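Thank you for making time this morning.

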Amino acid sequence: MPVFLLEIGLEEIPAGMISAAQSELAQRIEKLLTRERLTPDTQTDALRVTSYSTPRRLAVLAEGLLQGQPDMEEEIVGPATKVAFKDGAPTQAAIAFAKKSGVEVSTLKTIQNAKGEYVSATVHRRGRTAAEVLKDGLAAEIAGIYWPKSMYWRAGKPERCVRPVRWMVALLDEEVLPLEFAGVTAGRASCGHRVLHGDAPVMVKTPLEYAKALAAAYVEVDPEARRQRIRKALDKATRQIAGARWREDEALVEIVTNLTEWPSVILGSFEQEYLTLPDEILVTVMRGYQKYFALEDSEKKLLPNFLAVLNLEVDDAGAAVIRHGNERVLRARFNDARFFWDVDQKIPLIDRVEMLKSVTFQKDLGSYWDKTERNRAVARRIIDRFDPPLFLFEPVKLETFTAIVDKAALLAKADLTTEMVKEFTELQGVVGGLYARAQRLPDGVARAIHDHYKPASQEDTIPSLPAGSVVALADKVSTIVDMFAIGLQPTGSKDPFALRRAGNGVVRILVEDDKLNDRLHLAHVCFAAMQNTKAIDDAVLRESIYDFLLDRFEFYLRESGNVNPQVARAIRKAGTTGSDYEVDGLLIGYGKIAGFAKALDAQVGSPNVLAVAELLKRTANILRQAKEKKIIFAYWESEGLLRETAEKELSRKVTEVNQAIQQSYREGNYEAAIAAIASLQPLLNAFFDSVMVMVDDPQLRDNRLALLSRTESVVRWAADFSELASI
Amino acid sequence: MVSNSSVEPKIPPTFQELLFQLQQFWASRGCILQQAYDVEVGAGTMSPETFLRVLGPKPFRVAYAQPSRRPADGRYGQNPNRLFKHTQLQVILKPPPENIQALYLESLEAIGIDLRQHDVKFEEDNWESPTLGAWGIGWQVMLDGLEITQFTYFQQCGGIDLDPIAGEITYGLERIAAFLQDVDSIYDIVWARESDSGKEITYGKVRFAEEVQFSVYNFEKADVEKLWQHFRLYEEECKALLEEARELPEDADAEARNRLPLLAAFDLCLKCSHLFNLLDARGAISVTERVGVIARIRGLAVAVAKAYATQQSQAAAA
């Protein structure tokens, strides 16, 4: 079966855009072949699509496509029969239709459709060859690739792409497909490595020889192979230093994979004296600016060495030259960092707070000084809401804890005025923490400042101490509330202030900080931030903020907890996530809620859960219909009005289940809660079998509705089981 | 004795030889060699040789070394890597030839960089100047981990979409010289070497005093009130010239149109830009003011660009 190859040669594509474009091009070609009926429809001969990329090319290899489209019979509908034939003889309309369709008039048939009787022609369509289809269809696919940022390069602006397209290779087996895009006609000549191979064209004879031909020209076209080669070379270079290992950094491996066509690695070193700078700063300089890997010893202490990934293969002499150059650059960078450090120490953090008045947070929300004051107030209110209020992180007293949080909140943003953060913006917070330590502020304050942007991503850890968690919560939640209040909530894919990330951080701290998660509920944190804002008087706004955070919680359960989406939805709608978070003085925080979610996830789809969920869904439907009929009923059934055995038993059982659920939360034994809920199944079944709810007697009817309503809300306190029916 | 040049240790070029070699290289590839523009600018892009010449359809190739003044970057001559005034070798190729990257790499070989012995990478770095209403797509070129060149395909300038676009290659001469000569401080770069005695004159000898004195002026002495006055005066004059261009009747003859002093208006706009940089270095511009002042300069630059483009197209049509 034919094999097809397309290679698009470009000037260097930004490293971060290559992988996505590679898979998009592969998908586009696969879809084109499928759409154009060029894929075999048997299991054994399935189409195989492989894709490649380097900084200078995207390539797709498709094996097992058809030589051409199968021929096709197509039925074309023409004019109405009464127009096409007059007294049994064809009219001009029939003759014209037959001619257009390329058939004899005598072969025209009649068909009946919704509009009446029409003539039709059976047309035999010859399939086009794969070569024709690809030659005509590919340019549009290439033009359609999504690039986050693209450019014009030819006069008259005929097309845009991420960078100028300089060559193309398109082969169907041995044959060149001379397709055209951006003024380039595809041939069989590719380009090798700029330096190692030089300008001579690399002729590709057949599609299957592509990778080999390029490898001979010092281009490894398979990014996965380059990644492995880089990892091996990093390991090998590291072995030059006994006991050392390179600091794992998958994201950086990905970047250098996409910056090289023929990678190799050199080991460099720097002066021991720079190790007095904090690790975070050294690593940021090496990684962010120079794309070097850091080395550490067996105790994870940084070594005065680095690894640089080259797009070259060099002998020892060349390696020495390149090593020397890279060491020179790194030394200058480290000198800069040390200079910033020294200059910044001249103004302590506390004196920088005032300087924040001239750093804009957001134009309608004022400066970072204003933001600081907001954060302090919100942090204070969060502590006030601790429940139980007696806050005992031995050996820290409440007053001490409050003082640490307040100091950290006051100084948290001060590092935005430092030269270090102006140079290395991603170190905001970290630099503040390091400076706080250098300026002999209490360790708790330094760590809270250091951690207050945490978690910055799904992979990042949460703050290491509760004080840091409180400052982080205050900062994030108040940003969310304030942005929502001025109408800057995220919409669709637009989230310019990264509020979703802030919301994810809030949720993660509330679930995962086990010093806080039994003392603090999302409602506390949220309302602490809403005080003194317009959200406090605006129910719609309040709701939208809380809803946004619940969205983040649902997302968290799905993504971090790997919880089934229906379970996540059921938990999001639980009473505990909203305002019903207390049981006899015990706070049900998000740690417990997430614990229940995990337990439920383990049993979801089991016959027990499914059966009771079905019945609870039925319950919810009845209640909804009653509400739609504007029937008003009590929240609690009255015992005296219970007539049938089944309803009396259900009423008793619901009370029992309620207690069992609450008991299980107290003990952290969530399986017991699920078992209790499941135990409602026979009683609910019996109830629906023998009790009519919508009876004529309004008193009886409303009492039964009240009983169902209580049943529903007792269960929904833990999770909305109606979401779990039929998984 | 027969010398074998490939074995003999290479003497790296002096600062001025580096400049000669690059100018020679680009002159032989069809560039006009211009002198540096004699109004203070923060980058070679701001010279009218780039900013105005990239507008309109006329092909154009130019190279020039542009001293670029950035008052806030001054370090009193104390930082080995940072300068108030550094030198950019600016090359404009409009339209960019297909082999522009290859040409650039050849230029590196022309200054003695053996590409087989050095690691060159083109890493994404797009360029944008809000004050000029200009942006482009491109790379920073890394040589053994050092950024030596900004390579940009200009897409827009003075708020005007370019067609054809222009390729801009900006070499950081001090960095490249320090790299080639393997010195850790810019001030140790050999600027010139007397051919008979071999006596060397360093970058520090030539420029140190300037770095010190301008740092003192830029950070301490520049009179904020007077700077604002200058700013307003230049701005007013620039606006007055632009107004004159606007008021020119549509049926004005070619001579009247060509006499419109738009090049002078652009100088006045550059003056404003430099004064803004000085005020910024003095810490005299608050964050809220900043946006406003940038918008004022941008307004001038965009208006000049527009009037200039009109003037050029009318001249071409005539």
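This is a predicted model: local features need pLDDT of at least 70, side-chain atom pairs count only at pLDDT 80 or more; totals for chains, interfaces and linings use all residues.

Let us begin with strand E7 and strand E8 (residues 116-125) of chain A, which run antiparallel and are joined by five bridges. Among these residues, A:Thr110 has A:Val119 in E8(A) as its bridge partner. As for the names, residues are numbered from 1 along each chain as its sequence is written, and chains are lettered from A and ligands numbered from 1 in the order in which they are written. Helices (H or I, at least four residues) and strands (E, at least two) are DSSP runs numbered from the N terminus, and two strands pair if DSSP finds at least two bridges between them.

These strands belong to an open sheet of three strands in chain A, with the order E4-E8-E7 and antiparallel pairing. Strand E4 (72-80) and strand E7 (109-113) of chain A stand at the edges with a single partner strand each, so one side of each has no neighbour in the sheet. On average, and ignoring direction, neighbouring strands of this sheet are turned by 45° against each other. Helix H3 (residues 92-101) of chain A packs on the sheet, where it touches E4 and E8 of chain A, and its direction makes about 25° with that of E8(A). Such angles run from 0 to 180 degrees between N-to-C directions, with axes as lines fitted to C-alpha atoms, for helices over the stretch in contact; contact itself asks that the C-beta atoms of two residues, placed from the backbone, lie within 7 Å.

Now to the domains, whose bounds come from an automatic or database domain assignment. In chain A this assignment gives domain 1 (3-68 + 129-216), domain 2 (72-125), domain 3 (223-345), domain 4 (352-560) and domain 5 (602-724). The contact between domain 3 and domain 4 of chain A takes 10 residues from domain 3 and 11 residues from domain 4. On the domain 3 side, the elements that give two or more residues are helix H8 (279-289) and helix H9 (316-345) of chain A, and H9(A) gives the most, with five residues.

The buried residues of H14(A) include A:Val430 and A:Tyr435, and the buried set packs against H8 and H9 of chain A, among other helices.

Finally, chain B has nine helices and 10 strands, and 42% of its 318 residues count as buried. Its C-alpha trace spans about 75 × 50 × 40 Å along the principal axes. A compact globule of 318 residues would have a radius of gyration near 20 Å, and chain B, with 21 Å, agrees; this radius is taken over C-alpha atoms, and the globule rule is 2.2 Å times the number of residues to the power 0.38.

Definitions and conventions
A residue is buried if 20 or more other C-beta atoms lie within 10 Å of its own, exposed if 12 or fewer, and partly exposed in between; C-beta atoms are placed from the backbone.
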